[in-house]
Amino acid sequence: MAPADLAPPTMRDILDARRLLAGHLDPTPARTYAALDHATGANLVVKHENLQPTGAFKVRGALNLLLRLAPDERTRGVTAFSTGNHAQAVAHAARATATPCTIVMPTDPNPTKADAVRDLGAHLVLAGATFDDAREHATALAAGDGSRLVSAANEPLLVAGVATAYLELLERAPDLDVLVVPVGGGSGAAAACLVAHALAPDLEVVAVQSAASPAAHDSWHAGTLLARPNASRAEGLATGTGFALTQAVLREHLADFVLVGDDAIDRAAALYLTAAHTVAEGAGAAALAAVLADPDRFAGRRVGVVCSGGNASPAELRRVAAHLPG
């Protein structure tokens with residue numbers, strides 16, 4: 001189980017997050033595409049979190065957390081570590097709440113995401129080669145200056161905010177058979193599990209991570225937090241260790257956890273471009289990649305797939321374009 005101070009949010013917490021966020025974020029669409037159904041053999045419903053103001057789902061959690069900071073916490077500011085989408089989310093929420101903000105990213109970040117963090121007014125620090133290096137540096141910075149360290153996953157308020165996406169999805173598509181969710185730290189998958197357990201207990205929730213960064217996947221299958229190599233090109237999936245809070249929720253409620261290769265993720269992103277007119281970054285395409293990789297499992301089923309982000313770098317878009325037909 002997660003430590004007591006990391007107890008997962010309740011359904012009441014999630015409903016309260018929806019109330020709070022209603023004045024700050026519009027619901028994102030959940031759409032169907034005949035071309036995706038044809039390509040997968042399933043009946044897909046795509047939840048477009050790539051259409052958030054920061055281009056990814058993380059903004060829901062960051063706003064829910066920062067809007068609830070005590071005045072003294074807000075004065076001291078926040079520090080976060082991220083490969084990009086959590087960084088943008090915290091920077092966006094910090095600007096909305098006039099909170100000083102420091103973001104730590106690895107030294108070779110996605111330039112699209114790094115530029116967005118700067119444009120949002122956060123102080124950007126580049127440190128270390130990986131997500132986990134950035135986490136260590138951010139932890140030290142926060143300990144030194146007294147700022148509030150905002151974890152990418154070990155935050156109940158963050159998970160509660162993210163869970164509002166799944167409330168919206170089930171309102172739009174209450175007849176889903178299975179829901180496929182990409183995982184880096186696991187806040188999205190944990191949120192999906194909590195909402196499904198409360199509202200649709202027969203709904204099968206399947207998590208997916210890159211085979212090049214399998215820490216969350218391996219932690220779930222082993223039943224304990226593990227560190228693993230972290231080399232995925234899909235930076236939203238690239239974490240090197242599991243997180244206590246999200247893993248505790250996943251162990252209790254997740255139906256399955258699968259891996260897909262980075263090349264398969266790129267092919268899924270190319271399919272999004274042609275079949276759904278949608279830009280998906282690697283993490284955003286991972287759920288679709290999982291469906292494409294196991295057609296027998298999903299054939300004929302009503303499947304929700306979360307396009308969790310659309311912040312693809314120019315280099316990523318060029319790589320994905322190589323998979324386009326013609």
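This is a predicted model: local features need pLDDT of at least 70, side-chain atom pairs count only at pLDDT 80 or more; totals for chains, interfaces and linings use all residues.
Four strands make it up, lined up as β5-β4-β3-β6, and they pair in parallel fashion.

Now pick out one pair. β4, covering residues 101-105, runs parallel to β5, and four bridges link the two. One spot to look for is Thr102, whose bridge partner in β5 is His123. Lying across β4 and β5 is helix α6 (residues 111-119), which runs at about 170° to β4.

## The largest nonpolar core

Next up is the largest nonpolar core, which has 42 residues. Tyr166, Leu179, Val181, Leu250, Leu254 and Phe257 have the most contacts inside this core. At least two of its residues come from each of these elements: the helices α1 (11-21), α8 (156-172), α9 (187-199), α10 (215-222) and α11 (244-253), plus the strands β7 (178-182) and β8 (204-210). The top supplier is α8, with ten residues.

Have a look at Leu254 in particular. Leaving aside residues up to four places away in sequence, Leu254 touches Cys193, Val205, Val206, Ala207, Trp220 and Val249. There's also another core, lying apart from the largest one; this other core has 34 residues, including Val178, Ala289, Phe298 and Val320.

## Where α9 meets α11

As for handedness, the α9 and α11 crossing is left-handed.

Who does the touching? On the α9 side, the residues are Ser187, Ala189, Ala190, Cys193, Leu194 and His197. They meet Thr246, Val249, Leu250 and His253 in α11. Cys193 and Val249 turn up again here, as both are also touched by Leu254.

## A closer look at Leu20

Finally, head over to helix α1, where you'll find Leu20. Is Leu20 buried or exposed? Its relative accessible area is 18%, and buried means under 20%, so Leu20 counts as buried.

Setting aside residues up to four places away in sequence, Leu20 touches Asn64, Leu67 and Arg68. Thr139 is another story: Leu20 and Thr139 are 119 residues apart in sequence, and their C-alpha atoms are 28 Å apart in space.

Definitions and conventions. Residues are numbered from 1 along each chain as its sequence is written. Side-chain values use heavy atoms; hydrogens and water are left out. A nonpolar core is a set of buried Ala, Val, Leu, Ile, Met, Phe, Trp, Tyr and Cys residues joined through side-chain atoms within 4.5 Å. Buried means under 20% relative accessible area, exposed over 50%, partly exposed in between (1.4 Å probe, protein chains only). Contact means heavy atoms within 4.5 Å. Two strands pair if DSSP finds at least two bridges between them. Axes are lines fitted to C-alpha atoms, for helices over the stretch in contact, and angles run from 0 to 180 degrees between N-to-C directions. A crossing is left-handed if the near helix is turned anticlockwise from the far one by less than a right angle, and right-handed if clockwise.
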